[in-house]
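Hi everyone, thanks for making time this morning. Let me put the structure up on the screen, and then we can walk through a few parts of it together.

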Amino acid sequence: MTLKHLSDAAAALQISRRGLLFGAAAGTAGAAMLPAAGFAATPETDTIDLSQRHPFYGKGPQAGIMTPPQRYVFFMTFDLTTQDRQALQVLLARWSAAIAQLMKGETIGQVEPDRAEAVGLDTAEALELEPAGLTVTVGLGPNVFSDALGLAAHRPALLRPLVDLPSDALKPDLTGGDLSLQACADDPQVAYHAIRDLARIAKVTGTAATRWTVMGFGRASAGKGQATPRNLMGFKDGTRNIVQPADFDRHVWVQDGPDWQRHGTYQVVRKVQMHIENWDTDRVSDQNAVFGRHKLSGAPLTGTKEFDTPDFAKTATDGSPVIQDTAHIRLAAHENNEGVKILRRGFNYTDGINQFGFLDAGLLFLSYQNDPAHFERLQARLGASDALNEYISHIGSGIFFVPPAPTEGSYIGEAMFA
Ligand code: HEM
């Protein structure tokens, strides 16, 4: 099934919108603002293959990290409601079996045969829907590796709560969690259904209760010609990210420790609220300075095309740096952080309107790295000096170890219980 009929209409809209955009670019900023060559070759149709499936079982990392980002995410964390080790084991086994079915586009069948009339059947809202590229990625929080659960000896070496970071404005009810689920799909109802039914399994088995959640959108490419999606500040987000397998090996996957942790990774999640109305009153030239990039083309201020390498040494005629000292990309770039790179897999989110009548929206920032200190290093610099801080607040946070995928017949984290 495709969305061709919808996208044909969207393509027509896009054309007129692009026309406007390019006209504006040419009128205000001249050649430096022209889009990269690839952009002009954008096809006029944009289809999603909703029959796409990703395997859950396998040797190597869980799906949903290296998988090209889907359009929607439903992220949820859970608190354990028991210290019974076997109950956690059963939950992880049931979640694994259910996720494998969900990712194939199947129903999860019966959960509690004895109480089938109340909770046994799939909740059905995804019944006629295709797999929609669903991936569900499971994370284990620091409290899972406790003495009470008999798992302290299995704690991944670098798993611990994140340190306090500058500019943190964390709300307790948007922070922490013992388990995390990241469901990504090209159909929002498929992602919602997956989390809903997995939360239900946690509840009916008396093992874990929901803690905090974010539903996000807009991450994946909007079509072949627009490879980098835009965040709600209107900037292309993800231009310089980890893409090469060798970089995944170097910066994302855990390479040492016990076998069951290899090809695992550390997941950091931050709910970052944007002060959208403030941002919208700012001139585009100021916004460009905040990121160190051109809003329309995505090019660094020292270049003309999106994928030009930023030149952090370049100065203007008055001697000031072209990419200012407090620019987001200067503070975050690997060139200025002893080679540190993280995989970013963020999504836009909206919570509607806040109590003051302002749009309540932002970025669900998700990053994967083989050492949480790498995230902390970057956020310590950004939180202290980023020009973007005037327009954002980090209000939610969590950290989880994401074990590798189980092989068929096994389940997430099984080796911990051996
Ligand atoms: C609302 C919050 C944020 C927004 C809107 C945002 C937006 C952006 C944008 C537009 C870019 C430039 C395009 C690109 O290369 O992807 C970028 C780059 C980057 N951001 Fe963020 N970002 C946010 C938060 C963060 C956080 C919390 C971190 C990590 C602690 C981070 C790390 C990076 C890194 C590593 C780069 C690439 C820099 C480079 O190598 O040039 N960002 N971000």
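Let's begin at His263, which sits in the loop between helix H6 (245-251) and strand E5. Helices here are DSSP runs of H or I with at least four residues, strands are runs of E with at least two, and both are numbered from the N terminus. Before going further, a word on where this comes from: it is a predicted model, where local features need pLDDT of at least 70 and side-chain atom pairs count only at pLDDT 80 or more, while totals for chains, interfaces and linings use all residues. Residues are numbered from 1 along each chain as its sequence is written, and side-chain values use heavy atoms, with hydrogens and water left out.

Back to His263. Its phi is positive, about 70°, although His263 is not a glycine. For context, most residues other than glycine have a negative phi. The cut-offs are under 20% relative accessible area for buried, over 50% for exposed, and partly exposed in between, with a 1.4 Å probe and protein chains only.

Ser167 is another residue to look at for its phi, which is near 70° and positive in a residue other than glycine. You'll find Ser167 in the loop between E2 and E3, and with a relative accessible area of 44% it is partly exposed.

Pro161 also belongs to the loop between strand E2 (135-140) and strand E3 (179-185). Pro161 is exposed, at 57% relative accessible area. Leaving out residues up to four places away in sequence, Pro161 touches Pro142, Glu376 and Ile399, where contact means heavy atoms within 4.5 Å. Pro161 and Gly398 are 237 residues apart in sequence, yet their C-alpha atoms are 7.9 Å apart in space.

That brings us to the chain as a whole. Residues 24 or more positions apart account for 79% of the contacts with a separation of 6 or more. The secondary structure comes to 10 helices and 9 strands, and of the 418 residues, 50% count as buried.

H3 (residues 85-103) has 19 residues and reaches 27 Å from its first C-alpha to its last, close to the 27 Å expected at 1.5 Å a residue. That expected span is 1.5 Å times one less than the number of residues. Asp84 caps the N-terminal end of H3, with a side-chain oxygen 2.9 Å from the backbone nitrogen of Gln86. After H3 comes Gly105, with a positive phi near 85°. The buried residues of H3 include Leu88, Leu91, Leu92, Trp95 and Ile99. In an α-helix there are 3.6 residues a turn, so residues three or four places apart point the same way. What covers the buried residues of H3 includes strand E1 (72-80), E2, E3, H5 and strand E4 (208-217).

H5 itself is mostly covered, with 12 of its 17 residues buried. Among them are His193, Asp197 and Arg200. At the start of H5, a side-chain oxygen of Asp187 reaches to within 2.8 Å of the backbone nitrogen of Gln189. H5 is followed by Gly206, which has a positive phi near 65°.

Last stop, the ligand. Which protein residue gives the iron atom its single donor? That is His328, through NE2, 2.1 Å away. Donors are N, O and S atoms within 2.8 Å of the metal (3.2 Å for Na, K and Ca), and water is not among the atoms, so sites may look incomplete. His328 lies in helix H9 (residues 328-332).

Of the 27 residues around the ligand, Gly238, Thr239, Arg240, His328 and Arg344 come nearest; a residue counts as near if one of its heavy atoms lies within 4 Å. A backbone N or O atom of Thr239 lies 3.0 Å from a ligand oxygen atom, and a backbone N or O atom of Arg240 lies 2.9 Å from an oxygen atom of the ligand.

Which helix gives the most to the shell around the ligand? It is H10, with 4 residues.

Conventions: Polar contact = N/O pair within 3.5 Å; in protein donor to acceptor, adjacent residues only side chain to side chain.
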